[in-house]
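Hi there,

Here is the structure I promised you, with a few notes on its ligand site below. Have a look at it first, then read on.

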Amino acid sequence: MKRAVYQDEINIVNLHISCYNRHMQIIDHITATFQETFGSAPEHIVRAPGRVNLLGEHVDYNDGFVLPAAIDRATYIAFSPRNTAHSTLVAVDMNQQASFTSQTIPSKTQADGSTLAEWALYPAGVMWSLNGEGLSTPALNAVFASDVPRGSGLSSSASVEMAFAVAWQTLGGWTLPPMKRALLGQKAENQYVGVNCGIMDQFASACGVDNKLLLLDCRSLEWKTIPLPEDVSIVIADTTVRRKLTTGEYNKRRFACEEAVRLLKQDLPAIKSLRDVSVDEFNRLAGELPDEVSKRARHVVEEIERSNQAEALLEAGNVVHFGELMNQCHVSLRDLYEVSCFELDVMVRVAQSLKGCYGARLTGAGFGGCTVNLVVRKEATTFAQTLAEGYESETGLKPEIYITRASNGAELLR
Ligand code: GLA
């Protein structure tokens, strides 16, 4: 028995070592590409993580509470200042390059007049929103790469935004608190890229703390860390399914929430957002709302109620009850918010049937991507393997499953 427990610990330590090695490889790779492309070594390296969210899904834009953690997958940029007007960026994962200046970005074009590629809108958007605050964004040469899978619900976009915010901070001669950088990243995504996201992803990528969960009040923007119980692991399971055109669906959900507030105001004039509606009040008034609006709003009101309980439960070490809330969250995202899909449901169902699983649910916006699982630490590697087999046998798809570690937020490595 003891041997088996030690073996599990060894497996987890080995996983963290291989993650560290992968990051060293990414840094070596972007450094070598930088040298080849620009003819010198990069002066700096920056890193900004993706995130996973444990509870409080689709509530950040309703002033609710979220409980994410920055993860040990990140975007890395190798960069140096340059003496020309335009910044040149090489996206290793796309094998593409873009050049732009403060003058060309308002029209979303490159220095040569061509349209910016989609991936380049994120760094250009960050430049745009920093410039909007009067902050200087000196021209840079940059090569970047990431091991946050794109479109997987782990906030690869926010990690790119927060990495570039730190890069420009390094060269710009100004310093902003991490939360302010997060808000400017969100502004870039809302107003420049055109995705109406809330604050959670940029916040987690900017403010992450090693080995800790983050509890954010999305109304006051006050936040604190919450320790993850020691004998518990966070396991991320990527269905490998990527949905297209999810931005429209996301924005529709936001609109339904706003519509619910508008209609509920007739009876509850003081409310500003769904955060201000209790479950009892909602139950009393839900009948007055159109069906779809009522389903969406019920998810939000009940999810805010669930996430309200998170802190006390985790501090009391009541992982069992916390895991039940995660399971309830998945049902609600599936049936009321309707942002799940067949593959996510299979991944969650198989996970919940396995030994050592406290809770499992889709994480992030949904429509594909990843699930998050809270698992007894000594069962985590067996859990990951059995989950992969179960998922593959039902869907024919090979998932990617990993035990993650909560990590620090965006930082200059050198
Ligand atoms: C996306 C958005 C976040 C949040 C989640 C759902 O990740 O970027 O702001 O709304 O979806 O919780």
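A polar side-chain atom of Glu 57 lies 2.5 Å from one, a side-chain N or O atom of Tyr 250 lies 2.6 Å from one, and for a polar backbone atom of Gly 198 the distance is 2.8 Å. The protein buries 93% of the 310 Å² that the ligand exposes when taken alone (Shrake-Rupley, 1.4 Å probe).

The ligand takes up the space of the largest pocket (more than half of its atoms lie within 2 Å of the grid points). A pocket here is an open set of points on a 1 Å grid over the protein atoms alone, where a 1.4 Å probe fits, with protein on both sides within 12 Å along at least five of seven lines; lining residues have an atom within 4 Å of a point. This one holds about 1300 Å³, the volume filled by probe spheres set on the points, which are joined across faces, edges and corners. Its lining has 48 residues, with Tyr 122, Gly 151, Ser 156, Ser 157 and Thr 246 nearest the centre.

On the sources: residues are numbered from 1 along each chain as its sequence is written, and side-chain values use heavy atoms, without hydrogens or water. Since the model is predicted, local features need pLDDT of at least 70 and side-chain atom pairs 80 or more, while totals for chains, interfaces and linings use all residues.

Best wishes

Methods:
Polar contact = N/O pair within 3.5 Å; in protein donor to acceptor, adjacent residues only side chain to side chain.
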